Structure formats: structure tokens, C-alpha cells
Amino acid sequence: MDRGWVATDFGGPDVLRLVDTEVPAPEHGQVTISVRAAGMNPADYKRFAKGPNNDASALPLPLGFEVSGVIEALGPDTEIASGGGAPGDPVLAFRISGGYADRVTVPAADVFARPERLSDPEAANLLLAGTTAAEMLHVTGVRENETILVHGASGAVGVSVLQQAGLLGARTIGTASARNFDTVRRFGAIPVAYGEGLEQRLRELAPGGYAAALDTVGTDEAVDTSLALVADRRRIVTIAAFSRGQQEGFRAIGGAMPDSAAYRAQIRPHLIELAGSGRLVVPVARTFPLEEAPQALAVLQSGHPGGKLALIP
């Protein structure tokens with residue numbers, strides 16, 4: 001039997017169970033992947049966190065939205081999204097369900113050839129953060145020679161934003177803790193410590209002002225400084241402060257929103273091409289055996305993993 005992690009209830013890591021699964025054979029338009037690495041993202045633990053909108057009828061919840069591995073089988077008359085595909089081919093998949101597993105059968109439209117230069121843990125962590133970052137830059141219309149502010153610049157989405165903004169020719173200034181300044185500098189941005197006096201420090205770093213602000217953390221400090229420094233609220237975006245966005249009239253985006261889902265789906269091939277050419281990298285801090293998913297999620301939830309994490313079946 002194959003194994004996969006599910007949440008049997010809503011709560012913390014204690015609700016997770018590694019269960020035996022039966023992976024169905026692929027039908028037309030489907031691919032079965034033997035998983036070599038499962039990417040880990042905050043969206044994974046948010047999926048089973050307790051909240052006012054929990055739906056018990058959805059339990060048990062399979063975990064994991066992105067994987068890397070090899071094709072085990074394709075359904076009849078089926079090609080992967082990047083074309084072709086045969087058993088044994090290395091692939092990555094994103095916008096799937098149940099990636100914390102030994103094997104998965106998923107829509108072929110979500111499966112792409114894995115670039116040779118990417119390891120499985122890197123490939124398994126490319127697209128959720130990468131598509132989120134790409135959409136943040138897209139909705140704020142970041143352009144060459146503009147100065148932009150990135151809150152949470154050393155996190156997974158922040159690091160991808162810094163790289164993609166650099167490719168657009170923008171100048172980036174990113175908030176982070178002092179221990180993560182080297183990460184921010186590594187990816188071409190100027191780091192600034194959050195905390196008391198942040199607005200003044202940011203003004204001194206960009207006397208000409210900020211064209212846009214991209215918030216990955218959702219704190220009141222991040223929102224307040226963005227509102228103070230960016231004149232056009234259409235050029236402020238958050239992936240975390242949804243209620244503030246609604247109150248203050250700036251954009252909040254998320255993968256479950258139809259417009260976000262559509263954009264993130266169509267931008268995947270571009271990001272894979274960037275990664276395949278070395279222009280977009282995925283820093284991986286640590287890998288864990290599949291059996292240690294709860295421990296790995298605890299490290300991820302701590303907020304200080306130092307890079308991406310992956311589960312290895």
C-alpha cells in the first residue's frame with residue numbers, strides 16, 4: 001500500500017495521520033507520479049487550522065499542493081502540460097491535492113517536465129511561492145526602474161518576489177529581521193529591519209518614494225507603512241492582511257480566488273523556464289522523511305525555517 005498524510009480534524013499537527021492509500025490508475029487526462037519530494041508551504045497547515053469556516057464534511061483532508069517526482073503511468077491519449085511525457089520522465093506538479101504521499105494521480109494539465117538543473121526538493125518548492133510572487137508583481141504593475149517595498153523579503157514568497165522584480169529591472173527594498181539581511185542582499189535587495197521607526201528608515205532609503213508595496217506578512221506595521229509610503233492604493237497588495245485590505249481599499253490576493261487561480265495557472269510555464277535557465281532559484285533549507293511531516297510542519301510554522309522544506313518519501 002501507498003501512504004499519504006491527511007488531517008482527520010481541524011487543529012494543530014496532532015490531527016495529522018499517515019494512512020494507507022489506494023492510488024487509482026490514471027484515466028484520460030491524468031498522470032500517476034511517483035513522488036520524490038513534496039514541497040511544504042504555510043498553505044499546508046492553514047488548510048487544517050481551526051477557523052470559523054471549517055467544513056467537517058471535507059474531512060479527512062489530504063495535504064500537499066506541489067511535488068516533484070517521476071511519471072509512473074499516463075492515462076490513455078494523455079500528454080503532460082509541457083507536452084509528451086513517458087514513464088520514468090522527471091516532472092513537477094502544482095495545484096494538486098495530496099502531495100504528502102508516496103504516489104499521486106493528478107490532472108495532466110498540472111504536470112510539467114522538471115528542468116535538469118533543479119533537484120527534486122527545489123522543483124517541489126518552485127511554483128506555489130513563485131506563482132504567488134508573480135501575481136503580486138502583476139497586479140501592482142511593477143516596471144523597470146521603479147523602487148518597490150517588499151514586506152517579509154526573506155521568506156519564500158519574498159525571495160521569489162525579489163528575484164522576479166530584479167528580472168523586471170525594479171529596485172527593491174525589503175523588510176526582514178537582521179539575521180536574514182544576508183538573504184535579502186543575496187537576491188539583490190536592500191534590507192531594512194522592521195520594528196519601531198520603520199517608516200522613517202524606509203523614507204531615508206528611498207527619498208524619491210515607492211511605486212508599489214508588496215506585503216507577504218500581514219502585520220499592521222506592514223500595512224500602515226505601505227499606506228503611508230505608496231500614494232496609489234491600487235499598487236499595494238497583500239497575501240495575508242485580507243481584512244485590512246477590505247477596510248482600506250487595497251488589493252488582497254489568494255490562490256482560492258478565481259482571478260488569482262487563473263493567473264497562477266497560466267504563469268507556471270514561464271516560471272519553470274526561468275528556473276531551468278538559472279534565473280530563478282529556490283533556496284532549500286532542509287528535508288525530512290515523509291514520516292516526519294508533523295515535525296516538519298512545526299518547523300515551518302515557527303516562521304524561521306531559513307529556506308524551503310521538503311518531505312522525502
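Q: To begin with N145: buried or exposed?
A: N145 counts as exposed, at 66% relative accessibility. Here buried means under 20% relative accessible area, exposed over 50%, and partly exposed in between, with a 1.4 Å probe and protein chains only.

Q: Before going on, what kind of model is this, and how are residues numbered?
A: This is a predicted model, in which local features need pLDDT of at least 70, side-chain atom pairs count only at pLDDT 80 or more, and totals for chains, interfaces and linings use all residues. Residues are numbered from 1 along each chain as its sequence is written, and side-chain values use heavy atoms, with hydrogens and water left out.

Q: Back to N145: where is it found, and what is its phi?
A: N145 is found in the loop between α3 and β9 (147-151). Its phi is positive, about 70°, although N145 is not a glycine. Most residues other than glycine have a negative phi. Helices (H or I, at least four residues) and strands (E, at least two) are DSSP runs, numbered from the N terminus.

Q: Where is D77, and what about its phi?
A: D77 lies in the loop between β5 (66-74) and β6 (90-94). D77 is not a glycine, yet has a positive phi of about 50°. D77 is exposed, with a relative accessible area of 76%.

Q: Which peptide bond is cis?
A: The bond from L59 to P60 is cis, with omega near -5°. P60 sits in the loop between α1 (42-47) and β4 (61-62).

Q: Changing topic: how many residues of α3 are buried?
A: Of its 14 residues, 13 are buried, so α3 is largely enclosed by the rest of the structure. Helix α3 (residues 127-140) reaches 20 Å from its first C-alpha to its last, close to the 20 Å expected at 1.5 Å a residue; the expected span is 1.5 Å times one less than the number of residues.

Q: And what follows α3?
A: G141 follows α3, with a positive phi near 65°.

Q: At what angle do the axes of α6 and α7 cross?
A: The axes of α6 (residues 198-205) and α7 (residues 220-229) cross at roughly 45° and come within 10 Å. The two helices are therefore oblique to each other, a class left after under 35 degrees (roughly parallel), over 145 (roughly antiparallel) and 65 to 115 (roughly perpendicular).

Q: Which residues make that contact?
A: L198, E199, L202 and R203 of α6 meet E221, T225, A228 and L229 of α7, where contact means heavy atoms within 4.5 Å.

Notes. Axes fitted to C-alpha atoms, helices over the stretch in contact; angles between N-to-C directions.
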